[in-house]
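Visitor: Please show me the structure. Before we go through it, how are helices and strands named?

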Amino acid sequence: MTKTAFITGATSGFGKAAVQRFARAGWRVVATGRRADRLQALTDEFGAGVHVAAFDIRDAAAMQAALEALPTAFRDIDLLLNNAGLAQGTLPAQRASLDDWQTMIDTNITALVTLTRALLPRLIERRGAIINVSSTAANYPYAGGNVYGGSKAFVSQFSLGLRADLHGTGVRVTALEPGMAETEFTLVRTHGDQNASDALYKGAKPMTADDIANTIHWIATLPPHLNINRLEMMPTSQSFAGFQIARE
C-alpha cells in the first residue's frame, strides 16, 4: 500500500530533502511552501508522485483551501512532517524586533498547531505519524535565541502532549531536535551574510539536510509498535557550551 506524507517548508533545506527522500522511497508526497517556482521543480523531478501546494503557512484560510483541494489520491495522510519554521535574526531581546518575534510565533507555533489540528482526524483514521521539527534550541539557551528557542521548546512540549492525548489511537508522535546543520536556513539567520554563514561551518563538518531527511524517513518507517518520543541530533563537532559569567 502506497503511503502519503504531508511535508511543510518543502522549498529548501530539511523539507526539500525530505520530499526527495520519501518520493524516491515510493511514497506519495504533498509538498507545501511559499515559493511556487521551487515547488514546481519538485513536480518536474517526481511527476505525479508529488502534489504541490503554494501558500503561506501563516494564512489559515489558504491552508484550509489547500487541504480541501487535495486530489483524492493524496487525501489519506499517513505522515505529517511539520518542518516549516524560521528564525528572525540573533539580536538580544532588548534590541530585537517585536514584529520578528511575532513572525516566529505565527510560523513556528500558531501555524504548526493549526495544521496539526486540521489533519488529526485523517491521521487517526490512518493510524499515522506526526514528526515535528524542533531544535536543540528547545533545550539549550543561547544569546539571541530568545523567541526562537522558546518557540521550539513549545514544539517539543506540544509533541509530548500530543503523544499523551493520542494514546490508544495508534498515532505516533516525534519531536526531532537537530543541532548545527548547513542549509539555506543559516544564511537567513546570518542576515544574508554569506561570509558569516561560511565562517560558522568552517572546519566543523555540520549535519546536512540529507542527514536529517534520512533520519525522518527512518523514524517514519519504524514498525508501528515503536515510537521515538524525541530525538536530539548534533554533528560530532558540536557539543554543549559552559555557563557565562559577567564580571565587574
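Guide: Helices (H or I, at least four residues) and strands (E, at least two) are DSSP runs, numbered from the N terminus. This is a predicted model, in which local features need pLDDT of at least 70 and side-chain atom pairs count only at pLDDT 80 or more, while totals for chains, interfaces and linings use all residues. Residues are numbered from 1 along each chain as its sequence is written, and side-chain values use heavy atoms, with hydrogens and water left out.

Visitor: How many cavities of 30 Å³ or more does the structure hold?

Guide: A cavity is a set of points, on a 1 Å grid over the protein atoms alone, where a 1.4 Å probe fits but cannot get out. Grid points are joined across faces, edges and corners, and a volume is the space filled by probe spheres set on the points. The number of cavities of 30 Å³ or more is two.

Visitor: Which strands and which helix each supply at least two residues of the lining of the largest cavity?

Guide: Lining residues have an atom within 4 Å of a point, and for the largest cavity they include Leu79, Ile130, Arg172, Thr174, Ile219 and Asn227. By class, this lining has nine nonpolar residues (Ala, Val, Leu, Ile, Met, Phe, Trp, Tyr, Cys and Pro), one charged (Asp, Glu, Lys and Arg count) and two polar (the others, Gly among them). At least two lining residues each come from strand E5 (129-133), strand E6 (172-178) and helix H8 (209-220).

Visitor: Which helix gives the most to the lining of the second largest cavity?

Guide: The second largest cavity is lined by Thr8, Ile57, Asn82, Ala84, Thr107, Ala111, Leu112 and Leu115. This lining has five nonpolar, three polar and no charged residues. Four residues of the lining come from the helix that gives the most, H4 (residues 98-126).

Visitor: How much space lies in the second largest pocket?

Guide: A pocket is an open set of points with protein on both sides within 12 Å along at least five of seven lines. The second largest pocket has 14 lining residues, with Lys3, Arg127, Gly128, Arg172 and Pro224 nearest its centre. Seven of the lining residues are nonpolar, two polar and five charged. The space in this pocket is about 240 Å³.

Visitor: How are H4 and H5 oriented to each other?

Guide: Axes are lines fitted to C-alpha atoms, for helices over the stretch in contact, and angles run from 0 to 180 degrees between N-to-C directions. H4 and helix H5 (residues 146-165) have axes 8 Å apart, at an angle of about 15 degrees. Angles under 35 degrees count as roughly parallel, over 145 as roughly antiparallel, 65 to 115 as roughly perpendicular and the rest as oblique. H4 and H5 are therefore roughly parallel.

Visitor: Is the crossing of H3 and H4 left-handed or right-handed?

Guide: The axes of helix H3 (residues 60-68) and H4 come within 11 Å and cross at roughly 25 degrees. A crossing is left-handed if the near helix is turned anticlockwise from the far one by less than a right angle, and right-handed if clockwise. The crossing of H3 and H4 is right-handed.

Visitor: What are H1 and H8 to each other, oblique or roughly parallel?

Guide: Contact means heavy atoms within 4.5 Å, and among the residues of H1 that meet H8 are Phe14, Ala17 and Phe22. The contact of H1 with H8 has nine nonpolar, three polar and two charged residues. The axes of H1 (residues 13-24) and H8 come within 8 Å and cross at roughly 55 degrees. H1 and H8 are therefore oblique.
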